[in-house]
Amino acid sequence: MQQITLTQPDDWHLHVRTGDMLKTVINHTVRQFARAIIMPNLQPPVTNVAQALIYQQEILHAASSQYNFNPLMVLYLTNSTTVEDVRLAADSSAIHAFKLYPAGATTNSAQGITDLKAVFPIFAAMEEHNVPLLVHGEVTDADIDIFDRERVFIEQKLSVIHLHFPTLRIVLEHVTTREAVQFVQQAPDNIAATITPQHLLYNRNAILVGGIKPHYYCLPILKRETHREALVKAATSGNPKFFLGTDSAPHLSHLKENSCGCAGCYSAYAAIELYAEAFDAASALDKLEGFASFYGADFYQLPRNTQHITLEKTDWQVPDNYPVSDKTRLTPLKAGETLHWKLKESVA
């Protein structure tokens with residue numbers, strides 16, 4: 001197959017930051033995706049409707065008017081979130097979910113949840129108002145191996161949430177393990193998962209073999225090949241509980257390439273092409289449209305898009321970096337490498 005046309009996809013997990021970084025990355029997304037779930041872990045985080053509306057306008061102002069793009073806003077769940085915050089979010093057409101970060105789990109998560117049971121009243125209100133809960137599924141206990149943190153979270157935390165709030169719509173974001181896939185497959189239809197391009201394309205060797213490669217470092221961290229294979233099988237299965245969420249997370253190159261080692265892969269520059277690479281390698285391009293364009297919209301109870309994009313099988317070289325300012329750069333996933341699928345510019 002040399003060309004594939006898809007209903008225009010959506011990105012159901014995206015970081016675009018703010019300021020110069022936002023201006024650098026946003027148009028990479030809008031040329032591909034009609035909508036994106038926008039992560040709220042700014043500094044300070046986006047915790048209420050008023051802040052989300054301001055952030056939404058900043059995004060729209062930075063996005064090219066050439067494209068019709070709709071940023072879907074999310075509120076950051078904190079220990080101070082109230083039932084009234086949930087009611088206001090449910091009444092706002094701009095707000096589509098709350099995000100649960102365990103405190104300390106990932107970038108800008110220090111203000112996340114420290115006591116899960118303390119926010120049970122918030123989960124009850126979300127269940128009542130049909131507001132989805134988006135979950136970064138990792139425990140942060142120092143004695144839990146980093147490669148086991150997703151599995152343990154599912155066993156000790158997510159299972160408890162689902163037990164107490166059985167109709168709460170939950171997205172286990174950026175799943176990375178065979179156990180996460182099995183949990184979602186066996187759960188009822190109100191539980192779904194997003195899968196990133198890096199977790200479909202790479203295992204943990206990409207970070208560690210031949211020297212540490214910081215631009216492949218993300219959280220949850222890449223796992224063993226057996227887990228990658230399970231993710232590919234889930235993504236290409238046609239199961240509507242699994243859908244596209246890049247977790248594209250831009251960091252300045254010098255902050256990735258130092259002792260900080262910021263977690264996050266920048267994939268938005270060629271997100272749909274990267275997914276096409278993974279689906280093509282699995283001989284499953286016929287399953288890409290459902291995963292990229294249909295299942296996420298259905299889960300979020302939004303209409304499917306009506307426009308289309310076209311990908312061509314043609315080689316092109318990924319830039320080494322993208323300038324953010326006169327002195328700073330952003331290094332993309334697969335920098336300097338060759339991709340074999342390319343998005344045609346027009347959206348029809």
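## Burial, salt bridges and cores in a predicted model

Arginine 87 has a relative accessible area of 33%, which means that this residue counts as partly exposed, where buried stands for under 20% relative accessible area, exposed for over 50%, and partly exposed for what lies in between (1.4 Å probe, protein chains only). The structure is a predicted model, in which local features need pLDDT of at least 70 and side-chain atom pairs count only at pLDDT 80 or more, while totals for chains, interfaces and linings use all residues. Residues are numbered from 1 along each chain as its sequence is written, and side-chain values use heavy atoms, with hydrogens and water left out.

Side chains of opposite charge can pair when their charged atoms come close. A salt bridge is here a side-chain nitrogen of Lys or Arg within 4 Å of a carboxyl oxygen of Asp or Glu, and the structure holds 11 salt bridges. Three of them are listed below.

| aspartate 10 | arginine 35 | 2.9 Å |

The salt bridge between aspartate 10 and arginine 35 links distant parts of the chain, for aspartate 10 sits in the loop between strand E1 (3–7) and strand E2 (11–14), whereas arginine 35 belongs to strand E3 (residues 35–38), 25 residues apart. Helices (H or I, at least four residues) and strands (E, at least two) are DSSP runs, numbered from the N terminus. Both aspartate 10 and arginine 35 are buried.

Aspartate 91 and arginine 87, by contrast, lie together in helix H3 (residues 83–91), 4 residues apart, about one turn of the helix. Aspartate 91 is exposed, with a relative accessible area of 56%, and a network of salt bridges links Glu84, Arg87 and Asp91.

In helix H6 (residues 178–186), the residues Ala180, Val181, Phe183 and Val184 are buried. These residues lie on the same side of H6, because they cover an arc of only 160° around the axis, the arc being that of the directions from the helix axis to the C-beta atoms. Among the elements that cover the buried residues of H6 are helix H5 (149–164), strand E8 (191–195) and helix H9 (225–235).

A nonpolar core is a set of buried Ala, Val, Leu, Ile, Met, Phe, Trp, Tyr and Cys residues joined through side-chain atoms within 4.5 Å. The largest such core has 105 residues, of which Leu100, Phe123 and Leu133 touch the most other members, and helix H11 (residues 271–281) gives the most to this core, with 7 residues. A second, separate core of 17 residues includes Tyr101 and Phe243.

Proline 132 is found in the loop between helix H4 (120–129) and strand E6 (133–135) and, at 4% relative accessibility, counts as buried. Not counting residues up to four places away in sequence, proline 132 touches residues including His96, Phe98 and Tyr300, where contact means heavy atoms within 4.5 Å.

A disulfide is a pair of cysteine sulfur atoms within 2.5 Å, and a search of the whole structure finds 0 disulfides. Cysteine 265 has the sulfur of cysteine 218 as its nearest cysteine sulfur, 4.2 Å away, and cysteine 265 is buried, with a relative accessible area of 1%.
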